[in-house]
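Subject: Structure handover

Hello,

Please find the structure below, with the sequence alongside. My notes on what was found in it follow.

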Amino acid sequence: MSLTDAGAPERTAGNAPTDPGRQRRSRTERLLAVRELSLLIALGLLVLVTTLRNDRFLSGQSIKDLLLGCAILVILAVGQTLVIVTRNVDLSVGSILGLVAFATGSLFLSAPGTPWPVALVVGVALGALCGAVNGALIAVARVPALVITLGTLYAFRGVDYYWASGRQINAADMPPSFLRLGNQTVLGVPVLFVVALVVVAVVGFYLRSYRSGRELYAIGSEPAAARLSGIPVGRRVFAVFVASGALAGLAGVLYAARFGTLDAAAGTGLELQVVAAAVVGGVAIFGGSGSAYGAALGAVLLTTIGSSLAVLRIDPFWQQAVVGALILAAIGLDRLLALRVAARLRGRSAHGA
Amino acid sequence: MAHDSLYAAPTTAEAEPGAGRLAGLRGLVGSWDAVIVAALVVVVLVASLTVENFASGRNAQFLLLDLMPLALIALPMTLIVITGEIDLSVASMVGLCSTLMGQLWLSSGLSLELICVLVVLLGAVLGAVNGLFVTGFGLPSLAVTIGTLALYRGMSFVVLGDQAVADFPADWTAAVVRAIPGTSIPVVVVPLLLLAVVFGVVLHATAAGRALYAMGNNDQAATFTGVSVARTKFWLFVVSGAVCGLVGIFWTLRYASARGDNATGLELTVVTAVLLGGVSIFGGRGALLGVVAGVLLLGVLRNALQLADVDANALTIVTGSLLIASVVLPNAVADVRARLHRRRQRHAVAS
C-alpha cells in the first residue's frame, strides 16, 4: 500500500540532514502507509467482532445500509482533505450541504418537471459559489480560514433558515427518478456509494499525481517556502475552497435524494464530524500530509462504529464518546510516529557525520 | 494554532509622521475595542428607540441571563486564544457537568452545595485532560478539543441517556434568576463581573498576563524569556474547564433541567464573540474589554432582532456577518490607508 503521500518528512525532519537518500524516503513512506493499513485493520476487526456477535451484520441489506450511510460523509471528508492539506479548514461544509439540499428541494417544488441531472448541476454550482465566497473572503481578509468559515457556517445556515422560513419539503414534492437515485443499487452497491468512490478516486489521483495536487502539500508544509518557489498560493487556496464547496454541494443534492424530507436544519453539526473523519484518516490538521483515501476510510470507520454499536447492543449513547476517543488516539498516534521518524532521522545523521 | 503562517498577520498601517494632533484621536478611534463599544452603544440606542419592549427592565433581565454562559466562558477563552490555542470542547464540558450534576443529585444523596463544588472540580479535571493532551503530548489544541468535544458530549449522553433530571429544589432554581432587589439586574451578574475583573487584572496588569501575549506571538521567544509556556497553557485549560463547570451549574439550575444536549453548539458562539471582541486568532493580540463588549453586542443584537420578530434561526446570518466583517473590515481599512499614504508620499516627492 503506497497510497499515502509523504508530505510529513519535511515537517518532522526539522533540522535533519540534507542527504535525502532514497532509503529514507521509502522508509518514511512505509511508516506513513501504515495509516491506511491500520485503518483497514481496525475496520476489519470491528466488522469481524460485530459479525461474530450477530452474523446478520454482514448480510446484503446491512452492508447496503452501511455503504449508503457513509457515502455523504466520505464525499465531505474528501473535500475537507483538499482544504486541510493546505493548512486551512472549512467549517462551513455542513451549512453548504443544508443550503444546497434545501435549494434542490425548492427547485423541484417550483419546477416539477426538472430532470435530476439539471438539479445535480445546479446543486454543485451553488456549492461551488458558496465555496468561492469563502475563498474570496479569505483572500481579502488574509485571516485564517477557521475564522472566515466559522462566519460563513452561521451565514449560510442563516440564509437557509431565512429562505425556508419554517417550511419543510417532503419526498412527495420530488420526482421519483430523483429519489430512486438515493436508494438504487448497481450490482448490489448503492449508487450513492459509487458516486462517493468516484470522488475518492478522482481526488486521490489528483492529489497524488498532478503537479497542482502536489503543490497543495507544499503549501500546507510551509506556505512561505511554497510562495518563494513560485507556487501561486492564493490561487490554489481559492480553488481548494471552491472544490470543497462544490463537493459539499454534491453531498447536499445526494442528501436530498437520500432522505427526501428536508428542512433548514439538514446537516447541522456535520462539519465537526467531517473534520473528525479526516483527522482519524490521517490528514494532519497542520496541513502538508494525508490522503483522500485515508480520509475516506476514516469516514467509513466512523459510520461503521455507529452501526456496529447498535448491533453489539451497546448503548447508542456511547457512539459519540467512542468517536471522540478515536480522534484523540489518531492524533496521538500521528504524533508518536512523527517523533519516531524524527528521532530515527537524527540518529542516522549523527551516524553519517 | 494550526493556521498561523499561511496568511501573514495584517500589518498595521505605519504611523504617519506629522499627523501629530490627530494621531492621538486616530489611535483612540482606530482601536478595535473602541469600535466595538461604539457599535454596542449605537445598537442599544437604536434598539431602545425603535424596538418595542427592548428597554424594559424585564427584557434586560432576560437578556443578561441569556448572556451569562456566553460571557462566562468567553473570559478563559480570551486568554486561551491570546496564547495562540483554542478550546472547542467548552460546550461539551458544560453539558457533561450538567448531566453529572443531575446524576449526582438523583442518586448520590449528597447536598447540593457539595455537588456544586464537585461539579466545578470535575470541570477542572476535564480541562486538565485537554491541557495534558495539548501541552504534555504536544498536540494541536484545535484537533485535541475537537476530539474532546465529541468525547465529552458522548459521555454526557452516557451519564443520563436521553433523560432529564428536573427536580431541583425550587429555592435554588429561583435563586439563579432572582434580580438584585430594586433593580432588574440578575444577582448572578455580580459573580460574573467579579470574575471579569479578576481575568482583566490578570491579563492586563500582571507579568503572567503579559506572558500570555508573549506566548501568542512566539512560543519559543517566550520560553527563552523564562516563561513556562507548557505549564501556563495547561492551567489555562484547567481554568477553562472549571468555568465550564460553573456554567454547567448555572445552566442546569436556570432551566431546571440537566440534559445531555445542554449547551450544544455554544462553543462556536463563544469563539465568535471572542474574535468579534478583537482578539486575534493568531494569538498575541486582544483585550478583555473588547471581548466583553463583543459578547454584549452579540447578545443585544440578537435580543433586539428577536423582539422585532426576526426568526431566531435566521439570526445566525447576523452572527456570521458580524464575525466576517470584524476580520475583513480592519484589513480593508488598513489597506486603503496604506495606499493613501503611499500616494501622498508620491505627491510629496513629485512636488
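Predicted model: local features only at pLDDT ≥ 70, side-chain atom pairs only at ≥ 80, totals over all residues.

Overall form of chain B. The secondary structure consists of 14 helices and 2 strands. Chain B is as compact as a globular protein of its length, because its radius of gyration of 22 Å is close to the 20 Å that the globule rule gives for 351 residues. Of the 351 residues in chain B, 46% are buried.

A helix pair in chain B. Two packed helices are described by the angle between their axes and the distance between those axes. For helix H5 (residues 112-136) and helix H6 (residues 141-160) of chain B, the axes come within 9 Å and cross at roughly 145 degrees. The crossing of H5(B) and H6(B) is right-handed. On the H5(B) side, the contact is made by Leu126(B), Val129(B), Asn130(B), Phe133(B) and Val134(B). H6(B) contributes Ser141(B), Val144(B), Thr145(B), Thr148(B) and Tyr152(B). Sorted by class, this contact has 6 nonpolar and 4 polar residues, with no charged ones.

Where the two chains touch. In all, 49 residues of chain A are in contact with 48 residues of chain B. On the chain A side, the elements that give two or more residues are helix H5 (116-141), helix H6 (145-164), helix H10 (223-228), helix H12 (270-280) and helix H14 (318-352) of chain A. Which helix gives the most to this side? It is H6(A), with 15 residues. By class, the residues on the side of chain A that touches chain B divide into 34 nonpolar, 10 polar and 5 charged.

Confidence in chain A. The average pLDDT of chain A is 83, and 89% of the residues score at least 70. Within chain A, confidence is highest in helix H11 (residues 233-259), at a mean of 93, and lowest in helix H1 (residues 8-13), at 42. The pLDDT is below 50 over residues 1-20 of chain A. Beyond near neighbours in sequence, that stretch has 53 contacts in the model.

Regards

Methods
Residues numbered from 1 in each chain as written. Chains lettered and ligands numbered in written order. Helix = DSSP H or I, 4+ residues; strand = E, 2+ residues; numbered from the N terminus. Rg over C-alpha atoms; globule rule 2.2 N^0.38 Å. Buried ≥ 20, exposed ≤ 12 C-beta atoms within 10 Å, placed from the backbone. Axes fitted to C-alpha atoms, helices over the stretch in contact; angles between N-to-C directions. Left-handed = near helix turned anticlockwise from the far one by under 90°. Contact = placed C-beta atoms within 7 Å. Nonpolar A, V, L, I, M, F, W, Y, C, P; charged D, E, K, R; others polar. pLDDT = per-residue confidence, 0-100.
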